[in-house]
Structure formats: structure tokens, C-alpha cells
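Colleague: I am new to reading models like this one. Could we go through it together, one term at a time?

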Amino acid sequence: MDLGLRNWVIPLLVTDSVARSALRAEGLGVIPKVTKHLLSNPVFTCIVLAACMEIAVVAGFAAFLGKYLEQQFNLTTSSANQLLGMTAIPCACLGIFLGGLLVKKLSLSALGAIRMAMLVNLVSTACYVSFLFLGCDTGPVAGVTVPYGNTSAPGAALDPYSPCNKNCECQTDSFTPVCGADGVTYLSACFAGCNSTNLTGCACLTTGPPENATVVPGKCPSPGCQEAFLTFLCVMCVCSMIGAMAQTPSVIILIRTVSPELKSYALGVLFLLLRLLGFIPPPLIFGAGIDSTCLFWSTFCGEQGACVLYDNVVYRHLYVSIAIALKSFAFLLYTTTWQCLRKNYKRYIKNHEGGLSTSEFFASTLTLDNLGRDPVPASQTHRTKFIYNLEDHEWCENMESVL
């Protein structure tokens, strides 16, 4: 390169790079203003919060569903996880597909989409209400729910340690329940007073002759528990499929309620809030509620360990009630959105035709990399004005170029 030309080009490139960096730094300052502008739209805010509530139910309910099946229906951990993987997850995927198919086939407007979301929410909430009645009781557990030797003694002290097992040196660091011939569950064969490895001669079983004082591994079965589990599994599949059908209508409403230039950023705000509000707090809330229903905690080296036995009835009612409360809150948000759209549809919906063209999804093709290379039409001379000065009545037409 000629020396004179080089001396002219290099400063120009440096100056252009510095200008771009300054533009980029100043442009990022509009992000809080754009976010405030989006959240000031009640339809956008309600739809985002409703989606967060729906995801919160999935995140919190599904996080402990394996433990729930294990405690309520006496399933093993592996069996519970396998059943969930083979039933609930495929049904949820089918629900997402059906939701999108219905929106397309019926050519739903924003009002039609919000009505569909409200209907789907009501049906799925009814499925959750039915879970309150599908489960099994804890049953008699010696030293925890009933005293040793006398299951009907009122006011008797409940203590896992009893004179019948005082010489066994039983430990509570693990939970290996056994079912006695008397129909009572014991925390382990040691707590049942069994003096042999074949689970016979158990001193804590006082009913019947000594030769019948035997136990078998596992909790004692509850009557009607198998039938309740099959019903629960069927309702769970239907609930997963119907609940997932609300995802597509929610996204349709969200992208129609913002201007074409802000659709990409609006989706980014949606997924950010879904992760902050929908995935982080719900497992903590569900977990704290479940721990409050514990009947017996394991101990290891004198310190409290994990919960090994729950009050199944209280567990079921609290666990399902939290999910119902979240679903109900989502329904209120859907109702608020419907009221806003019904009263002033043209104010909140930016594309009244109901269709989304390619130009609406990719509204801004101007980026910082090609800024200054292509000639800008006269009608677009002020496209980047928003980067420097955002007013309430102006649209962010170049948000994609900033991000």
C-alpha cells in the first residue's frame, strides 16, 4: 500500500472504530428505557407474568413429582421416574403441538388466543383439583403414627424406640421399612425387634403366636392405592397435554402486542423473566412446603438428615394447593389481559390483520457492522434517533442493532 494512502486510511479506520464503540456504549443505555416501555404495557406484562406462573407450576410440581409418587403410592424412585418419562413428558410435547395447530387452523386473533388460554387454564386447574382426592394415606407406622403393640391406645407416647427393640441398637440414618404380619409398618427390621436375618421372631409384633411374628420388606399396602395410582397417571397425562396447549397462544399474544421492531427484544424479556420468576423460586417454595409435612427425620452422627416419612394427606393437600394457587393467579392475569383487549383492541394490538409477515419478524436489518456502507433512504434518516433520545411516543426501531 502506498505510504501516503496508508497514512490516510489508518487514522480513518481508528476513528471509525472509536465512533462505533462509543455508539455501542451509548446505545446500551436505552435497554432500561425500552424494558420500562414494554412493562408499562398492561397486556404485555400480564401475559409475561401469566406465562411465569404456568412455568412455575411445571418447575415446582415436576421437581418433586418423583418423590410425590414414591410417598403417595409406595413406588420406588426408579419406577416413578420411568413412569414420568414415558407419560407426562410425551403428553406435554403433544400438547404444545396441538396448541399451535389449533391456533393455525382456527386463525385465532389475539382475543381468540386469550380465550383459548383461559379455557385451557380452567381445564388444567380442574385436573389439579382432582389430585387432592387421588392418593394413599400414610398408614400405621409403629412409633411414628401409632404406638407399639396397641394401635388404638389414645394419648400414648410416640417413640420409635421401645422396650421390644432396646437391645437392638437400631440406627435412624437410613429408612428401610418393613411390613409386619400385624399390618403395621416399622421403620426397619431392627425397630420391629427381629433377631434373625430372615425377618422372623420379631419381638415388637405382639399379635398372634411367636412363629407368625414375621415381617416383609416394604411398607404395608393401603387398600385401593393401586386403583388410585392408575387414575392419577391418566389424569396426569391429560393435565400435562392440556396445560401445554396454552404456550402457543401466550406467545402469539405477546408478539402481537408489541411493535414489529421490538418483537425480538420482547421475547428476550419473556425468557429472562421465565427463568428468574418461573424456575428459581417455585422449587424453593414447593420444597419448604413439603418439608413442613415431615413426620420423621433421619439422623446421622447426631445431626438431622433427610425426611424419611411424611404425612401423606397433608403432603398431598399442600403440594397440590400450591400448584392450584399458581394456576388461579395465572387465570386472573389472563382475565385482565382479556379485559384490556376487549375494551381497547386497537390500542394494544399492533398488527390488526392478525397475520405476521416476514418483515414484522425481521423488522430491522440495519446493524452497526454495515452502518454507513449502504445508502439510507430519505424516509429513514432518523432511524437511529431513538438510540440517543427515547421519548414515550417514539418506537425503538433499531433495538436489534444495539443488541
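Colleague: Which residues is Ser124 in contact with, leaving aside its neighbours within four places in sequence?

Modeller: In this predicted model, Ser124 is in contact with Cys239, Ile242, Gly243 and Lys327. Contact here means heavy atoms within 4.5 Å. Ser124 itself is found in helix H7, residues 110–130.

Colleague: Why does Ser124 count as buried?

Modeller: Buried means under 20% relative accessible area. Ser124 has 0% relative accessibility, so it counts as buried.

Colleague: Good, that one is clear. What makes S2 and S3 stand at the edges of their sheet?

Modeller: Start with the order of this open sheet of three strands, S2-S1-S3, with antiparallel pairing. Strand S2 (185–186) and strand S3 (215–217) each have a single partner strand, so one side of each is left without a neighbour in the sheet.

Colleague: How do you know that S1 and S3 pair?

Modeller: Pairing needs at least two bridges between two strands. Three bridges join strand S1 (residues 178–180) to S3, so the two count as paired. For one of these positions, Cys179 has Val216 in S3 as its bridge partner.

Colleague: Now the largest pocket. What makes up its lining, by class?

Modeller: The lining has 25 nonpolar, five polar and three charged residues. Among the 33 lining residues, Ile55, Val58, Ala92, Ala244 and Gln247 lie nearest the centre of the pocket. The volume of this pocket is about 760 Å³.

Colleague: And which helix gives the most to that lining?

Modeller: That is H3, with eight residues.

How values were computed:
Residues numbered from 1 in each chain as written. Predicted model: local features only at pLDDT ≥ 70, side-chain atom pairs only at ≥ 80, totals over all residues. Heavy atoms only, no water. 1 Å grid on protein atoms, 1.4 Å probe; cavity = no way out; pocket = protein on both sides within 12 Å on 5 of 7 lines; lining within 4 Å. Points joined across faces, edges and corners; volume = space filled by probe spheres on them. Helix = DSSP H or I, 4+ residues; strand = E, 2+ residues; numbered from the N terminus. Nonpolar A, V, L, I, M, F, W, Y, C, P; charged D, E, K, R; others polar. Buried < 20%, exposed > 50% of the residue type's maximum accessible area, 1.4 Å probe, protein only.
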